[in-house]
Amino acid sequence: MIFAYRLQSPRPTFVVDMTDEEKAVMAEHTEYWKGLLADGVAVCFGAVLDPAGPYGLAVVEAEDQAHIERIAAGDPAVRSGMTAQAHPMPGGFVRPAPSTRH
């Protein structure tokens, strides 16, 4: 199943005024998601600079709702208190990896 995963930043200015502790958590968060990307679980992830407030977004291929919940529970940003939501994308399509496209 394909899921949209949204990580809400704790405040609208988070991207520009993170504390050193928050920077460390976000570095761990990035490494966590790089691992999911390398494992083929995450399709893509990154920050969205929405003028209403930044947030993180990932597209994830997970087995089911329980799997995406385990992914969220393991996210260092979520463990530090940030909020994540994941919703299924029924009928979602994922393009083939670049090496398999013609």
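**Close-up views of a predicted model**

**View 1. Glu 22 and Arg 11 form a salt bridge.** The closest N and O atoms of Glu 22 and Arg 11 are 2.6 Å apart. Glu 22 lies in helix H2 (residues 20–38) and Arg 11 in the loop between strand S1 (2–8) and helix H1 (14–17), so this pair ties together parts that are 11 residues apart in sequence. The model shown here and in the views below is a predicted one.

**View 2. Arg 11 also forms a salt bridge with Asp 17.** Here the closest N and O atoms are 3.0 Å apart. Arg 11 has a relative accessible area of 25%, which lies between the limits of 20% and 50%, so Arg 11 counts as partly exposed. Asp 17 is partly exposed too, at 34% relative accessibility. Together, Arg 11, Asp 17 and Glu 22 are linked in a network of salt bridges.

**View 3. Lys 34 and Glu 31 meet through their side chains in a salt bridge.** The N to O distance for Lys 34 and Glu 31 is 3.5 Å. Both residues belong to helix H2, where they sit 3 residues apart, about one turn of the helix. Lys 34 is partly exposed, and its relative accessible area is 44%. The count of salt bridges in the model comes to 3.

**View 4. A nonpolar patch on the surface is formed by Val 15, Val 16 and Leu 49.** Together, Val 15, Val 16 and Leu 49 have about 330 Å² of accessible area. Leu 49 is placed in the loop between strand S2 (42–48) and strand S3 (55–61). Is Leu 49 buried or exposed? Its relative accessibility is 65%, and the limit for exposed is over 50%, so Leu 49 counts as exposed.

**View 5. The largest pocket holds about 270 Å³ of space.** Its lining is made of 19 residues. Nearest the centre of the largest pocket lie Met 26, His 29, Gly 46, Ala 47 and Gly 56. Which helices and strands each supply at least two residues of this lining? They are S1, H1, H2, S2 and S3. By class, the lining of the largest pocket divides into 14 nonpolar residues, 5 polar residues and no charged residues.

**View 6. The second largest pocket holds about 180 Å³ of space.** The residues that line the second largest pocket are Gly 40, Ala 42, Val 43, Glu 61, Val 94, Arg 95, Pro 96, Ala 97 and Pro 98. This lining has 6 nonpolar, 1 polar and 2 charged residues. Glu 61 and Arg 95 count as charged because Asp, Glu, Lys and Arg make up that class.

**View 7. Ala 42, one of the residues lining the second largest pocket, is found in strand S2.** Its relative accessible area is 5%, and buried means under 20%, so Ala 42 is buried. How many residues apart along the chain are Ala 42 and Ala 58? They are 16 residues apart along the chain, and their C-alpha atoms are separated by 6.8 Å.

Note on methods. Residues numbered from 1 in each chain as written. Predicted model: local features only at pLDDT ≥ 70, side-chain atom pairs only at ≥ 80, totals over all residues. Heavy atoms only, no water. Patch = residues over 30% accessible without salt bridge, like charges linked within 9 Å, V, L, I, M, F, W, Y side chains within 5 Å. Areas by Shrake-Rupley, 256 points an atom, 1.4 Å probe, with all protein chains shown as cover. Salt bridge = Lys/Arg side-chain N within 4 Å of Asp/Glu carboxyl O. Helix = DSSP H or I, 4+ residues; strand = E, 2+ residues; numbered from the N terminus. Buried < 20%, exposed > 50% of the residue type's maximum accessible area, 1.4 Å probe, protein only. 1 Å grid on protein atoms, 1.4 Å probe; cavity = no way out; pocket = protein on both sides within 12 Å on 5 of 7 lines; lining within 4 Å. Points joined across faces, edges and corners; volume = space filled by probe spheres on them.
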